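Visitor: Please take one residue of this model and examine its surroundings closely. I would then like to see how the neighbouring elements are arranged, and how the rest of the fold that you can describe is built.

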Amino acid sequence: MKKSDVVKRTEELVQPIIDSGGFSLWDVEYVKEGSDFYLRVYADKEGGINIDDCVQISRALEAKLDAEDFIEEAYILEVSSPGLTRKLKNDRDLERSIGKLVYIKLYKAEEGAKEHTGYLKSFDKESIVINYDKEADEAENISLSRANISSIRLEYEEI
């Protein structure tokens, strides 16, 4: 079974667990590190996820995975928070991050730099719009080409 199929099937199995617990699913990864395979599920909830939440999700998912037994290799299941500086991989992640501080790394400089940290204002298929000042006027927004973005993640912000 391909890695992408393992991820897709795991997402299908874990989503009802996530929904019933009031969590949100951030990502599922199936990766080989050294000689071991890891199946990682990243979940969150309003106010943050804790170890008891991770155990709850892990136990419920483990039972479903054991019943389906679709992963050929031996693997280690890990359930955790995506972290404060989580990567934003898709439109769903971007939508959840509107108004939050993000760090963007570009392949080629735009607006005079290859790295930008600002508040995510909006996005579409072609661009990501940020502003260096959370309260700034729209006229000060900066539009960056999505095709030029090598990575984007949340940035830690002191409150």
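Guide: Asn-131 is located in strand S6, which comprises residues 127-131. The model is a predicted one, and every value below is computed from it. Asn-131 counts as buried because its relative accessible area is 2%, whereas the cut-off for that term is under 20%.

The side chain of Asn-131 has polar partners in the backbone. One of its polar atoms lies 3.0 Å from the backbone nitrogen of Asp-133. A polar atom of this side chain also lies 3.4 Å from the backbone oxygen of Glu-140.

Strand S6 itself pairs with strand S5 (residues 113-123) in the antiparallel sense, over four bridges. Within this pairing, Ser-122 has Val-129 of S6 as its bridge partner. Both strands belong to an open sheet of five strands, ordered S7-S6-S5-S4-S8, with antiparallel pairing. Strand S7 (142-145) and strand S8 (149-154) stand at its edges; each has a single partner strand, so one side of each lacks a neighbour in the sheet. From one strand to the next, the twist averages 45°.

A second open sheet has three strands in the order S1-S2-S3, and its pairing is mixed. Its edge strands are S1 and S3, each of which pairs on one side only. Neighbouring strands here are turned by 15° against each other on average, direction ignored. Strand S1 (residues 24-33) runs antiparallel to S2 and is joined to it by nine bridges; Tyr-30, for instance, is partnered by Leu-39 in S2. These two strands form a hairpin with two residues between them, and Gly-34 in the turn has a positive phi of about 65°. By contrast, S2 and S3 pair in the parallel sense over six bridges, with Tyr-42 opposite Ser-80 in S3.

Helix H2 packs on this sheet, where it touches S2 and S3, and its direction makes about 145° with that of S3. Helix H1 lies across S1 and S2 and runs at about 145° to S1.

H2 covers residues 51-68, 18 residues in all, and reaches 25 Å from its first C-alpha to its last, close to the 26 Å expected at 1.5 Å a residue. Its buried residues are Asp-53, Cys-54, Ile-57, Ser-58, Leu-61 and Leu-65. Seen down the axis of H2, these residues fall within an arc of 120°, so they line one face of the helix. The spacing follows a general rule: an α-helix has 3.6 residues a turn, so residues three or four places apart point the same way. The buried residues of H2 pack against helix H1 (3-20), strand S2 (36-44) and strand S3 (75-80). On the other side of H2, Asp-52, Arg-59, Asp-66 and Ala-67 are exposed.

After H2 comes Asp-69, whose phi is positive, near 45°.

Definitions and conventions
Residues are numbered from 1 along each chain as its sequence is written. This is a predicted model: local features need pLDDT of at least 70, side-chain atom pairs count only at pLDDT 80 or more; totals for chains, interfaces and linings use all residues. Side-chain values use heavy atoms; hydrogens and water are left out. The expected span of a helix is 1.5 Å times one less than its number of residues. Buried means under 20% relative accessible area, exposed over 50%, partly exposed in between (1.4 Å probe, protein chains only). The arc is that of the directions from the helix axis to the C-beta atoms. Contact means heavy atoms within 4.5 Å. Two strands pair if DSSP finds at least two bridges between them. Axes are lines fitted to C-alpha atoms, for helices over the stretch in contact, and angles run from 0 to 180 degrees between N-to-C directions. A polar contact is a pair of N or O atoms within 3.5 Å; within protein, one must be able to donate a hydrogen and the other to accept it, and residues adjacent in sequence count only if both atoms are side-chain atoms.
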